[in-house]
Amino acid sequence: MNKSEKYYQELMTHRHVSRRGLFRAFVSAAKHTAPEDASFHLSHPLPPGALPDALFSVQCTRCHHCIDACPMGILSPHDDGFPQLAIDYASCDGCGLCIAACASGALRPQMRPDTGLRPVFHDACVNPARACNQCVEACPEQACAISASGVPTVDAERCNGCGECRVQCGYDAVRLER
């Protein structure tokens with residue numbers, strides 16, 4: 001039996017839909033709408049809780065409700081219309097308002113808020129005499145540390161990608177990458 005769109009429309013016209021039937025419809029629809037190329041990547045960081053790039057590009061309606069809901073002002077529209085995460089002057093506090101504002105389901109609640117970004121430290125922050133420790137002191141997750149050689153390091157498991165280390169760095173020596 002081929003379950004087409006008409007089948008699901010008829011199924012949804014009834015008052016009672018089982019949870020299993022509803023779940024099956026969503027899974028089936030996702031299989032047919034996701035791009036075939038699993039290696040598809042958007043060129044910019046996405047908001048916290050974003051689905052994988054290929055699914056996000058299909059699910060997101062580009063309504064910008066998440067951008068409007070962000071109290072930190074770190075979400076903005078990218079040239080392609082999708083929201084982008086731009087942590088330059090403020091960090092993500094994990095409030096979840098962007099996720100709550102997303103009606104399309106492209107942003108999903110997370111057990112532990114994580115932007116998916118991780119800091120990469122440049123040589124500009126290495127002071128041979130002493131490290132400034134701004135990234136270490138500012139990190140709310142205590143994921144940044146100064147190694148024996150004086151170079152900052154990050155514990156990727158502890159880091160939630162909030163970007164506070166980048167915001168607090170006075171030398172612009174921290175870059176956030178996916």
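Me: What does D114 count as, buried or exposed, and why?
Reply: D114 counts as buried, because its relative accessibility is 18% and buried means under 20% relative accessible area, with exposed over 50% and partly exposed in between (1.4 Å probe, protein chains only). Before we go on, this is a predicted model, in which local features need pLDDT of at least 70 and side-chain atom pairs count only at pLDDT 80 or more, while totals for chains, interfaces and linings use all residues. Residues are numbered from 1 along each chain as its sequence is written, and side-chain values use heavy atoms, with hydrogens and water left out.

Me: How many helices and strands does the protein chain have, and what makes something a helix or a strand?
Reply: The protein chain has seven helices and six strands. Along the sequence the pattern reads α-α-α-α-β-β-α-β-α-β-β-α-β. Of the 178 residues in the protein chain, 35% count as buried.

Me: Why is the pair of R118 and D114 called a salt bridge?
Reply: The closest N and O atoms of R118 and D114 are 2.7 Å apart. A salt bridge is a side-chain nitrogen of Lys or Arg within 4 Å of a carboxyl oxygen of Asp or Glu, so the pair qualifies. By this rule the structure has five salt bridges.

Me: What makes R166 and D88 a salt bridge, and where do the two residues lie?
Reply: The closest N and O atoms of R166 and D88 are 2.8 Å apart, which makes the pair a salt bridge. R166 is in helix 7 (residues 164-168), and D88 is in the loop between strand 2 (83-85) and helix 5 (97-101), so the pair links distant parts of the chain, 78 residues apart. D88 is called partly exposed because its relative accessible area is 34%. A network of salt bridges links D88, R166 and D172.

Me: What stands out about the phi of D172, and how exposed is this residue?
Reply: D172 has a positive phi of about 50° although it is not a glycine. Most residues other than glycine have a negative phi. D172 lies in the loop between helix 7 and strand 6 (174-177), and its relative accessible area of 53% makes it exposed.

Me: How do you know that R175 and E177 form a salt bridge?
Reply: Their closest N and O atoms are 2.5 Å apart. R175 is partly exposed, with a relative accessible area of 36%, and E177 is partly exposed at 33%.

Me: Why are F56 and F82 called a tilted pair?
Reply: The centres of the F56 and F82 rings are 5.8 Å apart and the planes are at 50°. Rings of Phe, Tyr and Trp (its six-membered ring) pair if their centres lie within 6.5 Å; planes under 30 degrees apart count as stacked, over 60 as edge-to-face and the rest as tilted, so this pair is tilted. The structure holds one aromatic pair. F56 lies in helix 3 (residues 53-59) and F82 in the loop between strand 1 (75-77) and strand 2, so the pair ties together parts that are 26 residues apart in sequence. F56 counts as buried at 1% relative accessibility, and F82 is buried at 4%.

Me: What makes you say that the charged end of R62 sits over the ring of F82?
Reply: The charged end of R62 is 3.9 Å from the centre of the F82 ring. A charge sits over a ring if NZ of Lys or CZ of Arg is within 6 Å of the ring centre and within 35 degrees of the ring normal. R62 lies in the loop between helix 3 and helix 4 and is partly exposed, with a relative accessible area of 41%. R62 has a positive phi of about 60° although it is not a glycine.

Me: What makes a set of residues a nonpolar core, and how many residues has the largest one here?
Reply: A nonpolar core is a set of buried Ala, Val, Leu, Ile, Met, Phe, Trp, Tyr and Cys residues joined through side-chain atoms within 4.5 Å. The largest one has 22 residues, and those with the most contacts inside it are F56, I74, L75, I87 and L107. Helix 4 (65-69) and helix 5 each supply at least two residues of this core. Apart from it lies another core, of eleven residues, among them C125, C135, A143 and C159.

Note on methods:
Helix = DSSP H or I, 4+ residues; strand = E, 2+ residues; numbered from the N terminus.
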